[in-house]
Protein chains: 2
Amino acid sequence: MREFIPQERLLLGAGPSNANPRVLRAMTQPLLGYLDSDFLQLLDDVRAMLKSLFHTHSDLTLAVSGTGTSGMEASLCNILEPGDLAIVAVNGFFGLRMTDIASRCGATVVQINTEWGRPVDPEAIKQELAKHRRVKAVALVHGETSTGVLTPLEEIADLAHSYDATYIVDAVTSLGGVDIAVDDWGVDVCYSGTQKCLGCPPGLSPITFGDRALQIINTRQTKPHSFYLDMALLGAYWASTTTRRAYHHTAPTSMLYGLREGLRIIFEEGPEQRVRRHQASAQSLRSGLEALGLKLFAENGYRLDSLTAVYIPDSIEDEPVRRALVKDYNIEIGGGLGELRGKIWRIGLMGENATHGNVLFLLSALEQVLNRFGSHLSLGNGVAAAERALVAYQASIA
Amino acid sequence: MREFIPQERLLLGAGPSNANPRVLRAMTQPLLGYLDSDFLQLLDDVRAMLKSLFHTHSDLTLAVSGTGTSGMEASLCNILEPGDLAIVAVNGFFGLRMTDIASRCGATVVQINTEWGRPVDPEAIKQELAKHRRVKAVALVHGETSTGVLTPLEEIADLAHSYDATYIVDAVTSLGGVDIAVDDWGVDVCYSGTQKCLGCPPGLSPITFGDRALQIINTRQTKPHSFYLDMALLGAYWASTTTRRAYHHTAPTSMLYGLREGLRIIFEEGPEQRVRRHQASAQSLRSGLEALGLKLFAENGYRLDSLTAVYIPDSIEDEPVRRALVKDYNIEIGGGLGELRGKIWRIGLMGENATHGNVLFLLSALEQVLNRFGSHLSLGNGVAAAERALVAYQASIA
């Protein structure tokens, strides 16, 4: 079997996004034991930077040794016990996944459905909360990767807390690219993934549990179903500062080297500056796509900067276009998930990739390919609109 | 915050072991999407090599996106349902962990205890099996990382199957360094970790489910507690050859690049040759340690080649010796886990590190350090004995 040498692709799909080369290089550093004092220092560094990025004071902030889905499972299975009632607001594929996982925890799940493409409606949450004697958790997705919708978090936090429910938020596609302030906004549990706006490969899930969540963990009647994702045990390894670190599992050394470097890069740029970069590139992309005559999927005012969903035009087939972008331009964009398969494309501008240059390259390539498949676009229209949008954005923040 | 530049350590503890530099370099290859055809080919390559290494024909062979402990959890939670009865044979720390995880699955767990340092006794399993109307699974650890004991697998397989129980085996510290033949030996579920004898960083868990296990998965009454580790869903992504691959979670790209390269290195060397290399270095290490007057922990005849446990001599303290080995020689060895803390050291010769040269280096360093802390060893005794043992081993296989 020969060496595996993949092509260099521009990953503008729903993730993974391209990792910063410095991150990949950091992953080649020599391995250390999981109780080596240098390695424990690295865990402390990672935790400190994650706390700062999540905007939380909680020491129970760490990276779970699995992808974003493992973070979703860790969030739900540490809060929910069999018989608990959970409200899950679903406005896309990953909300549905939350209901599946919450059910596997033995919880009774009330699913509040919002049309895909729209944000979660606080009023619907409020009405549902009022129906029950005790709601253990309210869970939703901040930036729905399946639809490109961003749901505002604060109002729902207040509602959940007024009913003494724990607020669980999926920030897989938002952390590092979109503003989030866990403590100020009242989010009790929040998790993300490394392969989207953090500029690292997939494989780790940054997570944080605040005071309200910690109290629930400390007073559970049963152990969480998952040993691997048991936050009390993970905390005893990661977060112990006064006592001996307790072995739980062998930490994924190289991935954590990469995450530390990825976070270091984020703080070199500045998280606020990074959010503005994601805003600028998203605005220029959206303007360019609309100038090409394409229709954006997510409701105006609730569009996620890190991921833009766009309707596939009538008379154009999904897969041939995506295959041509890969084959001729080495650009990957994403197809639709679940019920949106064949109906939308998903274009990610995440982490390293959220640049105006990438927007121009993608728009140019997409124009060419769509023309080839029968659209009659004026070449350059998208690029010109993207340029204008960038100038307008820069003026707006100046 | 500065760049993290760890020292180059020789990791002769219980894992992680040092990774092959080719593996680390492979991890710097550019990322690909999880449905990219080149990446799907990589998954097929990994699966083919894992099947060959496990000696199984089962297509439900893949790498779980977590460390060895996630493989343990995947094995148990896909087989066990609430109310099932499981027999777990415990002869060390990781057997205990199996009972914890099996209990979290809702199973009733009968724990058969064997003194730590001895292999599991088939007679005890047989007697326990005879007591119950229906036993769903028999689970044990092949090579106990906490004690350095290797339990023979075949006789217990026959016993389990004669009672229609599924046989689950932990091969975290054996696969790639010690003989294992999943199909021939009647193992139904087997998992490992990448950071021991496979020469990769920690973070993935190779796993295989045979026909008997697959039938149980296909006829479960309830979903597994874990969505992340649900083998039916993982199989639909990894193992689908005829139908479209179904997205489950974003595969940890870089780790899988590394695993493919690690497996490629194993097949370049040849798995049998690799097992002999582990045997040779273990024999020379054991002879050297005994020549230093140290006492081996595991029962003779059942010693694990990849990990040797040795009693800490009277009058010698555990941690100062290990700290000196790190500080002065950059060698890490492991301390005892659980009830063996402060009583034994654990010396791993795994994957890349299973070399005679490493044995000589460690023995020399250990002699120096033990002398410094008050032992009166004749310098060179250990090394000379290790040399003689190597010559004897080579003659025995010639």
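**Exercise 1.** Is B:Y167 buried or exposed?

*Solution.* The model is predicted; local features need pLDDT of at least 70, side-chain atom pairs count only at pLDDT 80 or more, and totals for chains, interfaces and linings use all residues. Residues are numbered from 1 along each chain as its sequence is written, while chains are lettered from A and ligands numbered from 1 in the order in which they are written. A residue is buried if 20 or more other C-beta atoms, placed from the backbone, lie within 10 Å of its own, exposed if 12 or fewer, and partly exposed in between. B:Y167 has 26 other C-beta atoms within 10 Å, so B:Y167 is buried.

**Exercise 2.** State which residues B:Y167 contacts beyond its neighbours within four places in sequence.

*Solution.* Contact requires C-beta atoms, placed from the backbone, within 7 Å. By that test the partners of B:Y167 are B:V138, B:A157, B:A160, B:G186, B:V187 and B:D188.

**Exercise 3.** Describe the side of chain B that touches chain A.

*Solution.* Count first: 58 residues of chain B contact 59 residues of chain A. Next, take the helices (DSSP runs of H or I, at least four residues, numbered from the N terminus). Helix 10 of chain B gives the most, with six residues.

Key
Two residues are in contact if their C-beta atoms, placed from the backbone, lie within 7 Å. Helices (H or I, at least four residues) and strands (E, at least two) are DSSP runs, numbered from the N terminus.
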